[in-house]
Amino acid sequence: MKRSAPPVRKTLERVLSRAGAASRAEARRWIGMGRVRVNGKLIQTPDVWVDPDKDKVTIDGKPLRPAEKVYLLLYKPTGYVTTRRDPEGRPTVYDLVREAGAWVVPVGRLDLETSGLLIMTNDTEFGEQLTNPDWHVPKTYQAKCAGVLEDGQIERLRTGLLLNDGPTRPARVVRLRDGARHTFLEITLTEGRNRQVRRMVEAVGSKVLKLVRTAIGPIRIGDLRIGTFRPLTPGEIAELRPPKPRTAFKEQPAKRGSSRQDEQQSPGRIEGRGGPSRAR
Ligand code: URA
């Protein structure tokens with residue numbers, strides 16, 4: 001006998017955020033304000049369980065429709081925070097994507113003083129996949145570091161060093177060039193801890209003076225202008241998703257001409273050099 005799938009229940013605030021209607025904080029506020037009904041009944045507690053496939057959720061009397069998924073690539077300038085609201089009133093990345101006409105949130109963060117690529121989307125599942133530490137999407141940064149770094153310092157960045165929240169994973173670090181009093185590095189990390197590049201560079205006795213994120217996985221700044229955004233292409237979105245788990249393993253006869261290198265060309269591979277040098 002075929003068993004029917006168990007209902008997928010989620011809290012009301014999550015149903016609203018998953019549908020791209022609002023952030024979870026905003027959804028909680030709307031619910032508290034009495035703007036949301038489930039099956040016609042006014043609900044004012046955000047953690048009520050809802051079956052999004054069966055229950056009829058309305059906001060201000062209008063049915064909640066799953067939003068069209070929107071995926072944007074923003075070139076964040078310095079001086080913008082990635083939080084929704086800033087107690088100090090500084091500009092936020094949300095100000096830069098108003099024209100997108102969709103409720104999108106940043107995937108991960110960039111510091112106030114860091115510029116570069118930031119993905120913004122209303123697809124919360126995609127965002128969670130992308131920030132999942134088990135799915136190591138490489139992120140590439142160009143950093144201007146104080147002083148001329150010695151090879152030994154760069155090697156420590158590469159092999160991993162101990163920060164106050166644990167050891168760092170091996171990183172790809174390329175010396176781009178040295179100035180009289182600076183070294184310019186390209187650093188590719190497969191983890192995304194708070195202020196990680198700055199803290200790593202400090203741990204080897206230097207300081208980041210300028211930081212730009214130039215690539216997320218295979219996606220590079222290209223000719224995107226600072227402060228502007230563009231939609232991600234379907235191909236780019238697919239490249240950023242983790243591969244689907246294989247349900248069954250079937251042994252295949254070895255293909256003629258296949259090589260180890262072919263096998264290693266996964267979508268999340270570490271990029272080669274050659275991105276635009278917008279760091280300075
Ligand atoms: N590492 C940092 O130090 N800052 C960022 O914004 C991103 C990575």
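Begin by selecting helix α6, residues 196-203, which gives three residues to the shell around the ligand, the largest share. Helices are DSSP runs of H or I with at least four residues, strands are runs of E with at least two, and both are numbered from the N terminus. The model is a predicted one, in which local features need pLDDT of at least 70 and side-chain atom pairs count only at pLDDT 80 or more, while totals for chains, interfaces and linings use all residues. Residue numbers start from 1 along each chain as its sequence is written.

Next, select the whole shell: L110, D111, T114, R195, Q196, V197, R198 and L211. Three of the shell residues are nonpolar, two polar and three charged; here Ala, Val, Leu, Ile, Met, Phe, Trp, Tyr, Cys and Pro count as nonpolar, Asp, Glu, Lys and Arg as charged, and the others, Gly among them, as polar.

Now colour domain 2 (71-132 + 225-236) and domain 3 (139-216). Both contribute residues to the shell, so the ligand lies between them. The domain bounds come from an automatic or database assignment.

Finally, colour by pLDDT, the predictor's confidence in each residue from 0 to 100. The chain mean is 85, and 84% of residues reach 70 or more. Select residues 1-5, where pLDDT stays under 50 and the model has zero contacts beyond four places in sequence; a contact requires C-beta atoms, placed from the backbone, within 7 Å.

Note on methods
A residue is near a molecule or strand if its C-beta atom, placed from the backbone, lies within 6 Å of it. Two residues are in contact if their C-beta atoms, placed from the backbone, lie within 7 Å.
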